[in-house]
Amino acid sequence: MEFTLLGAVFAGILPLYAVLYWEAKRANAASCTRNLWDVALTATIVGVFVGRVAAMLGDGVYPLTHPADLIIIRGGVATGPATVAALATVAWLGREELWAVMDGLAAAALAGLGGWHLGCVVRDACLGTPSDLPWAIAQEGSTVTRHPVELYAALALFVAAGLVALWRVRSYPRPGVAGGVALAVASAVRLATEPLRPNLGGGPIGWYVLGVAIGLGVAVWLGRQPAPLVDRPPADSDV
């Protein structure tokens, strides 16, 4: 067993910070990029911890009696509880300027999720259902080629992160819209790739459908609000 969860988290943190750094003087509407980084890092830690505990409990493993399994894993993280915990942490820490914080983290969060999925390379958990496509990959010791489904998700999330970042730089959408779109996109990517994952129970489809609905609902509702007095957020001078 390896400390694979830590490697996957590190793979997610690097692109998250890179996007925050790139957006610092271009599109960040929150008062300070350092604050955004603190919020993102705290939310990531809380989300992964809660999701890992939920996954362990779902497998009948109790954290108090098997504390090492929190970081030495093969079973992964329960997506739904992890997402709810992370979003709740962001909402609490950014409550004084919630929409600005959500927008400031939108593209970075997508990039971070892309990095998390790319961390499958560290965890040796990239493959999904069998496939005969030219880019399908066989697990070591097996002749069955499979979809590299986690790499699909990583690529889609990285592309989405770039598009959202450019959209914010060029168009400056109304407060909260980018955050809602990012939530919907992240949920949609997971929903689209879930059928390619080897999952006996079909996966947490309901969580992803709910995420798409809430994200689009927030984006549409806030997009219809009156335009702010200042469309272009001030440059972030404290990076």
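Author: A residue counts as buried when its relative accessible area is under 20%. The model discussed here is predicted.

Reader: What percentage of the residues of the protein count as buried?

Author: The protein has 239 residues. With the cut-off of under 20% relative accessible area, the share that counts as buried is 41%.

Reader: Which pattern does the protein follow when read along the sequence?

Author: The protein contains eight helices and two strands. Read along the sequence, these elements follow the pattern α-α-α-α-α-β-β-α-α-α.

Reader: Are helix α6 and helix α7 roughly parallel or roughly antiparallel?

Author: Helix α6 spans residues 149–171 and helix α7 spans residues 177–193; their axes come within 10 Å and cross at roughly 165°. Angles over 145 degrees count as roughly antiparallel. Therefore the relation of α6 to α7 is roughly antiparallel.

Reader: What is the handedness of the crossing in which α6 passes α7?

Author: Two packed helices are described by the angle between their axes and the distance between the axes. For α6 and α7, the crossing is also assigned a hand, and that hand is right-handed.

Reader: Is Trp207 buried, partly exposed or exposed?

Author: Trp207 lies in helix α8 and belongs to the nonpolar patch. Its relative accessible area is 42%. Because buried means under 20% and exposed means over 50%, Trp207 is classed as partly exposed.

Conventions
Residues numbered from 1 in each chain as written. Predicted model: local features only at pLDDT ≥ 70, side-chain atom pairs only at ≥ 80, totals over all residues. Heavy atoms only, no water. Patch = residues over 30% accessible without salt bridge, like charges linked within 9 Å, V, L, I, M, F, W, Y side chains within 5 Å. Areas by Shrake-Rupley, 256 points an atom, 1.4 Å probe, with all protein chains shown as cover. Salt bridge = Lys/Arg side-chain N within 4 Å of Asp/Glu carboxyl O. Helix = DSSP H or I, 4+ residues; strand = E, 2+ residues; numbered from the N terminus. Buried < 20%, exposed > 50% of the residue type's maximum accessible area, 1.4 Å probe, protein only. Axes fitted to C-alpha atoms, helices over the stretch in contact; angles between N-to-C directions. Parallel < 35°, antiparallel > 145°, perpendicular 65-115°, else oblique. Left-handed = near helix turned anticlockwise from the far one by under 90°.
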